[in-house]
Each structure stands twice: as structure tokens, then as C-alpha cells.
Amino acid sequence: MPLTVVITRQIARYTRAGYRETQQALGELNGIIEETITGERVVQAFVREKTTVAQFAVTNQRLKKVALRTRIVTSFMGPMMNMVNNFGLAVVASAGGWLAVQSLATVGEIAAFVNYAGRLGRPLNMIAQLFTTIQSALAGAERFFELLDETPETDAADALALEHIRGHVRLRDVNFGYQAQVPVLKNVSLEAAPGETVALVGPTGAGKTTIANLLTRFYDIQSGQIEIDDRDVVTIKKEALRRKIGLVLQDNFLFAATVMENIRYGRLDASDEQVCAAARLANAEMFIHRLPHGYQTVLTERGNNLSQGQRQLLAIARAILADPEILILDEATSNVDTRTEKHLQEALLNLMKGRTSFVIAHRLSTIRDADQVLVINGGEIIERGTHESLLAQKGFYHNLYLSQFKGSATAAS
Ligand SMILES: Nc1ncnc2c1ncn2[C@@H]1O[C@H](COP(=O)(O)OP(=O)(O)O)[C@@H](O)[C@H]1O
Ligand SMILES: [Mg+2]
């Protein structure tokens with residue numbers, strides 16, 4: 001019995017590690033498959049088919065190796081246990097034989113003892129073999145529980161729903177980093193009155209999108225305060241908060257569904273007429289009518305059968321339908337040509353009417369009309385004012401204007 005216990009423990013320790021590694025390799029392999037299928041276009045465009053296959057093969061080989069090794073060790077278990085069992089029987093029989101010769105025990109007693117030893121051994125064997133099966137299940141369960149242990153997004157217990165808001169947004173000394181030790185935003189303070197348009201400009205990586213992420217509470221700040229209508233956003237239910245905020249991004253996600261359904265995603269109970277009205281305001285109706293089945297045209301995955309500008313117009317229609325009090329446009333027009341941009345610009349003006357809007361933009365035309373322009377660099381607001389006052393200041397914005405906008409200034413105006 002002790003021998004069984006010792007051997008089982010040794011093998012189990014080894015197989016546990018093996019199964020864990022197998023699971024990991026399998027996860028990695030699935031990750032590679034998922035990623036390369038999603039990024040198929042990029043793989044083809046950069047002619048990386050062979051390298052991708054090679055990369056797959058390497059991980060696949062690793063999986064094969066660890067899985068095989070673990071299996072082999074596992075399959076040792078049965079024969080090993082048999083051997084231990086038979087060894088035990090041999091010891092009992094020899095010791096019994098010696099006792100019988102010395103007349104210390106009868107042959108009948110020895111025979112019974114050998115029989116009992118065998119009966120004890122078999123169930124022990126089974127338990128030992130079950131043990132390896134359990135190891136494999138545990139290795140799988142570990143990964144599963146890792147996922148289950150992720151804490152879901154929760155609200156504070158006393159968080160409130162928002163009824164009607166005016167859209168007064170204020171950030172006070174906000175400090176934030178995606179990792180606590182790497183600060184991204186430093187002492188950011190800003191205020192937007194209801195209905196105001198605030199343009200956020202600055203070089204790539206300055207922290208503009210991060211501000212948008214904080215307003216929608218995709219992340220929580222490390223210190224400072226974010227307030228909407230003088231209420232700390234931490235005290236507002238996330239769901240209620242996000243209903244009040246509309247988000248139009250550089251590349252918006254469209255579902256493999258009809259145009260109608262994609263726009264209606266903004267507000268599920270909207271009637272067909274309301275959807276069409278939103279599309280009209282978004283300047284999207286014209287191109288929708290040219291689609292083979294109009295509003296009933298089914299988009300392919302991620303809306304791949306539309307142009308970038310058309311996808312953008314649908315996203316704007318979606319936001320118009322959602323009718324949020326606060327609007328965030330994160331480089332919503334930077335991926336389209338100047339002619340489409342004019343179209344988009346009109347649609348955006350319709351969308352921004354009467355809402356507090358945060359516009360993150362590369363294009364001058366969007367910035368010029370903003371009530372406030374905040375220049376962000378390295379996670380700090382380094383200049384603030386209006387387009388004219390900042391130009392007159394001849395600081396960072398002025399330089400940015402000269403290097404970035406000067407060329408497009410004439411095209412946009
Ligand atoms: N999800 C993230 N995790 C970690 N770091 C991030 C993440 N998103 C952005 N960052 C970092 O934060 C900084 C600001 O990024 P971002 O706000 O996206 O810049 P931008 O002004 O171009 O929108 C960058 O240095 C970027 O590397
Ligand atoms: Mg950004």
C-alpha cells in the first residue's frame with residue numbers, strides 16, 4: 001500500500017504538470033488559429049502565409065510533444081500498479097511460505113491472506129488510475145476557473161440610475177494609467193458646459209482616446225474625479241451612464257445583419273420610420289438606397305461590403321437614433337477622403353446639435369468651430385483656448401497647426 005501511494009503521487013505530480021502544459025499549448029494554438037483567420041487579409045497582403053503556417057506548426061509540434069509525453073507517463077500507471085500488486089503478492093507468498101515451513105502459520109491461513117491481499121490490491125489500482133484522469137480534469141478546470149474568477153463589471157451598491165441629464169461634464173485632477181505604475185493622464189482637468197463642443201487635439205499617444213475611455217468608464221481612474229451634472233460618475237450605474245453617452249469611433253463595428261438592424265442597434269425599440277429619419281440626418285440615406293436591397297441589404301461580417309465612409313455614416317445614424325446627451329467622436333472622420341468628409345461633417349453637425357460633444361480630431365474643420373480646444377501632450381493638457389486664441393499664442397498648437405493642418409486647411413475650407 002505505501003508503495004502504491006508513493007508511486008501514484010509521483011506519477012500524478014508529473015502528469016498534472018503535463019496536462020497543464022498541454023492545456024496551455026492547446027489554448028495558444030487555438031489563439032493562433034483565431035487570430036490568423038480574423039487577420040487573413042493582412043496575412044495575405046504581406047505574403048505571410050508560409051510564416052503563419054510555420055508558426056502554427058511550431059506550436060502544434062509543442063502541443064504534440066507535451067501531450068504525447070503526458071499520455072505515455074499516464075499509460076505507465078496501469079502496468080506499474082500491476083507490478084506493485086504482484087510484487088506485494090510475491091512478498092506475502094514468500095513470507096507465508098517461510099512461516100508455514102517454521103510451522104508458525106497454517107497453509108490455509110497463508111492462502112486466505114494471499115487472497116485478501118489480491119482483493120485489496122485491485123480497488124487500490126483502480127483508484128490510482130482514476131487519479132490520473134482526475135489530474136487531467138483538474139488541469140482543464142484550473143483554466144476554466146481562472147475565467148470564472150474574473151470579477152464582472154460591478155457598480156457600487158448605492159449607485160444610482162440617471163434620469164434626465166443636461167450633459168455638464170467635469171474632470172478634476174484626473175490621474176490614470178492602464179497599469180498603475182505607468183501614468184498616462186496626469187492632473188487632467190476640464191469642464192464642458194451642456195451643449196458645448198470640446199475638441200481634443202494632440203499627437204498620437206497623447207492620451208486623447210484614454211479620456212474617452214474614462215468618460216464611458218471602461219476604466220476607473222486612480223485619483224481625481226469625473227462628474228456629470230455635478231455627480232461623481234462612480235455613483236452612477238454604468239449602464240445608465242453609457243446610455244447617455246454616444247460613441248462614434250474611427251472604425252465602428254457593424255454586425256452581419258441588415259442595414260436596418262445595424263442602425264436600430266442604437267435604440268432597439270425604434271420604428272422603421274425613426275431608423276430612416278436617423279439615416280437621413282446622417283446623410284446615409286442616399287447610399288443606402290443605392291444598395292441592392294436598400295435597408296434590407298445584409299452586411300457581411302463587420303460590414304466589409306461597405307466603404308469606410310459608408311460604415312461611418314451608419315455609425316453616425318446609429319448614434320443619432322440612440323439620442324445621447326453626451327457625444328464622443330474619436331477620430332470619426334480621419335479615415336475618409338475629403339469629399340466624403342464634407343458629407344460626414346454635415347452628418348456630424350446634425351448629430352452634435354444640442355449635445356455636449358467631445359471631438360477628437362486630426363482635421364482642422366472639426367476643430368475650428370469648437371467652443372474649446374484642449375491641446376494634450378504626454379497625458380497633460382498643455383494649452384487651452386479657442387482655435388484663434390491658441391493660434392495667437394504661437395505655442396504647441398500653432399506648431400501642430402503648421403505641420404498638420406496647413407495643407408488641409410485650404411482643402412477643408
Ligand atoms: N489598453 C491599453 N493598455 C495599456 N496602455 C494603453 C492602452 N491604451 C492606450 N495605452 C497607452 O496610453 C497612451 C495614450 O493612448 P491613447 O489615449 O490611445 O492615445 P491617443 O491620444 O492617440 O488617442 C499611449 O502611450 C498608449 O500606449
Ligand atoms: Mg486615439
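**Chatting through the model**

Reader: Hey, how do the residues of the shell around ligand 1 divide up?
Author: There are three nonpolar, six polar and one charged. Ala, Val, Leu, Ile, Met, Phe, Trp, Tyr, Cys and Pro count as nonpolar, Asp, Glu, Lys and Arg as charged, and the others, Gly among them, as polar.

Reader: What should I know about the model and the numbering before we go on?
Author: This is a predicted model, where local features need pLDDT of at least 70, side-chain atom pairs count only at pLDDT 80 or more, and totals for chains, interfaces and linings use all residues. Residues are numbered from 1 along each chain as its sequence is written, while chains are lettered from A and ligands numbered from 1 in the order in which they are written.

Reader: OK, back to the ligand. Which residues surround ligand 1?
Author: The shell holds Tyr-178, Val-184, Gly-202, Thr-204, Gly-205, Ala-206, Gly-207, Lys-208, Thr-209 and Thr-210. A residue counts as near the ligand if its C-beta atom, placed from the backbone, lies within 6 Å of it.

Reader: Now helix α5. Which residues are buried there?
Author: Helix α5 covers residues 208–215, and its buried residues are Lys-208, Thr-210, Ile-211, Leu-214 and Leu-215. They sit on the same side of α5, because they cover an arc of only 160 degrees around the axis. That arc is taken from the directions from the helix axis to the C-beta atoms. "Buried" means 20 or more other C-beta atoms within 10 Å of the residue's own, "exposed" means 12 or fewer, and "partly exposed" is in between, with C-beta atoms placed from the backbone. Helices (H or I, at least four residues) and strands (E, at least two) are DSSP runs, numbered from the N terminus.

Reader: Switching to α3. How many residues does it have, and what distance does it reach?
Author: α3 runs over residues 49–101, so the count is 53 residues, and it reaches 77 Å from its first C-alpha to its last, close to the 78 Å expected. The expected span is 1.5 Å times one less than the number of residues.

Reader: Where's the kink in α3?
Author: At Gly-78, shortly before the proline Pro-79, with a bend of about 30 degrees. The bend is the angle between axes fitted to the seven residues ending there and the seven starting there.

Reader: What do the buried residues of α3 pack against?
Author: They pack against α1 (2–38) and α4 (107–148). Among those buried residues are Val-66, Met-77 and Gly-96. Two residues are in contact if their C-beta atoms, placed from the backbone, lie within 7 Å.

Reader: What about Val-47, buried or exposed?
Author: Exposed, because 8 other C-beta atoms lie within 10 Å of Val-47. Val-47 belongs to the loop between α2 (40–45) and α3. Its phi is positive, about 50 degrees, although Val-47 is not a glycine.

Reader: Which strand holds Asn-187, and what's its phi?
Author: Asn-187 lies in strand β2 (residues 185–192), and its phi is near 45 degrees, a positive value in a residue other than glycine. Asn-187 is partly exposed, with 15 other C-beta atoms within 10 Å.

Reader: New topic: where is Ala-332?
Author: Ala-332 is in the loop between β7 (326–330) and α11 (338–352).

Reader: Why is Ala-332 called buried?
Author: Because 30 other C-beta atoms lie within 10 Å of Ala-332. Leaving aside neighbours within four places in sequence, Ala-332 is in contact with Val-248, Leu-249, Gln-250, Gln-312 and Leu-348.

Reader: You mentioned α11. How far apart are its end C-alpha atoms?
Author: They are 20 Å apart, which agrees with the 21 Å that its 15 residues should span.

Reader: Which residues are buried in α11, and what covers them?
Author: Glu-341, His-343, Leu-344, Gln-345, Ala-347, Leu-348 and Leu-351 are buried. Their cover includes α8 (272–281), α10 (308–322), β7 and α12 (364–368). Just after α11, Gly-354 has a positive phi of about 75 degrees.

Reader: Last one: how far is Asp-251 from Ser-334?
Author: In sequence they are 83 residues apart, and in space 9.7 Å, C-alpha to C-alpha. Asp-251 lies in the loop between β6 (245–248) and α7 (259–264). Asp-251 counts as partly exposed, because it has 16 C-beta neighbours inside 10 Å.
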